[in-house]
Amino acid sequence: MIEITEKADKTIIRLEPNRSASWHETRVAILALSGFMLLIGTGWLIAGVWMIMPFVFLDIMVFSYFFYRVCEATYQQQIIVVEKDRVCLRSGIHRLGRTKTFSRPCYLISHKRKSRGHLKAFSLTDDTEIQAVGYFLNEDDLKNLRDGLIHSGCIELDSQWWVPEKKSSFY
């Protein structure tokens, strides 16, 4: 999700990944699936197959861990503040970290796709630093990010400007 706020002296661009479930909904899913697996494990325990219980607990721990990690990753965010003389970037998951400041002119580097299935990647840079932005966004949000940064005064550059584009030819 991308949210662009334009003010008189600056533009604020807030980036967040699209979230299909909140932390509360994720916890409910974990508890429901854990209860179902424990029910099945208890049935096998009553049937006399007691060796299944450690694997049930291992299964619950592994999928709970991955559910948590995926849900946590959907709470990361980046805030880009484009001002007249600088561009500031802050990012983090629960709290925003330190501010990375780029002096003007600030460039938006467009990285080529590695294959057809990959999305383009973008980085902000000045003459001294470079930082990836929007790596967790979907394709539509990446287009909006690019348009918003170019509209705010960032200069777009191609990371491999010396490589000629391949023209499709049909033989």
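Helix H3 (residues 139–151) has 13 residues, and at 1.5 Å a residue it should span 18 Å; its end C-alpha atoms are 18 Å apart, which agrees. The expected span is 1.5 Å times one less than the number of residues. Helices (H or I, at least four residues) and strands (E, at least two) are DSSP runs, numbered from the N terminus.

This is a predicted model, in which local features need pLDDT of at least 70 and side-chain atom pairs count only at pLDDT 80 or more, while totals for chains, interfaces and linings use all residues. Residues are numbered from 1 along each chain as its sequence is written, and side-chain values use heavy atoms, with hydrogens and water left out.

**Helix H3**

- Asp-141, Leu-142, Leu-145, Gly-148 and Leu-149 are the buried residues of H3. Buried means under 20% relative accessible area, exposed over 50%, and partly exposed in between (1.4 Å probe, protein chains only).
- An α-helix has 3.6 residues a turn, so residues three or four places apart point the same way.
- Asp-140 and His-151 are exposed, on the face of H3 turned away from its buried side.
- The buried residues of H3 pack against strands E1 (2–6), E2 (10–15), E3 (77–83), E6 (107–111), E7 (121–125) and E8 (130–133). Contact means heavy atoms within 4.5 Å.
- H3 lies across E1, E2 and E3, and runs at about 20 degrees to E1. Axes are lines fitted to C-alpha atoms, for helices over the stretch in contact, and angles run from 0 to 180 degrees between N-to-C directions.
- Asn-138 caps the N-terminal end of H3, with a side-chain oxygen 3.4 Å from the backbone nitrogen of Asp-140. A polar contact is a pair of N or O atoms within 3.5 Å; within protein, one must be able to donate a hydrogen and the other to accept it, and residues adjacent in sequence count only if both atoms are side-chain atoms.
- After H3 comes Gly-153, whose phi is positive, near 110 degrees.

**The five-stranded sheet**

- E1-E2-E3-E4-E5 is the order of an open sheet of 5 strands with antiparallel pairing. Two strands pair if DSSP finds at least two bridges between them.
- E1 and strand E5 (100–103) are the edge strands, each pairing on one side only.
- From one strand to the next, the twist averages 15 degrees.
- E2 and E3 are antiparallel and share 6 bridges. Arg-14 stands opposite Ile-79 in E3.

**The four-stranded sheet**

- This open sheet has 4 strands in the order E8-E7-E6-E9, and its pairing is mixed.
- E8 and strand E9 (155–158) stand at the edges with a single partner strand each, so one side of each is left without a neighbour in the sheet.
- The twist averages 30 degrees from one strand to the next.
- E7 and E8 run antiparallel, joined by 4 bridges. A hairpin of 4 residues links E7 to E8.
- Ser-123 stands opposite Ala-132 in E8, and Leu-124 stands opposite Gln-131 in E8.

**Helix H1**

- H1 (residues 23–46) has 24 residues and should span 34 Å at 1.5 Å a residue; its end C-alpha atoms are 34 Å apart, which agrees.
- Its buried residues are Thr-26, Ile-30, Ser-34, Met-37 and Gly-41. The buried residues of H1 pack against H2.
- Trp-44, in H1, is partly exposed, with a relative accessible area of 45%. Not counting residues up to four places away in sequence, Trp-44 touches Val-49 and Ile-52.
- Just after H1, Gly-48 has a positive phi of about 105 degrees.

**Loop residues**

- Gln-76 sits in the loop between helix H2 (52–73) and E3. Gln-76 is buried, with a relative accessible area of 14%.
- Leaving aside neighbours within four places in sequence, Gln-76 is in contact with Leu-15, Glu-16, Pro-17, Gly-92, Ile-93, Tyr-135 and Phe-136.
- Pro-105 lies in the loop between E5 and E6. The peptide bond from Arg-104 to Pro-105 is cis, with omega near 5 degrees.
- Most residues other than glycine have a negative phi, and most peptide bonds are trans.
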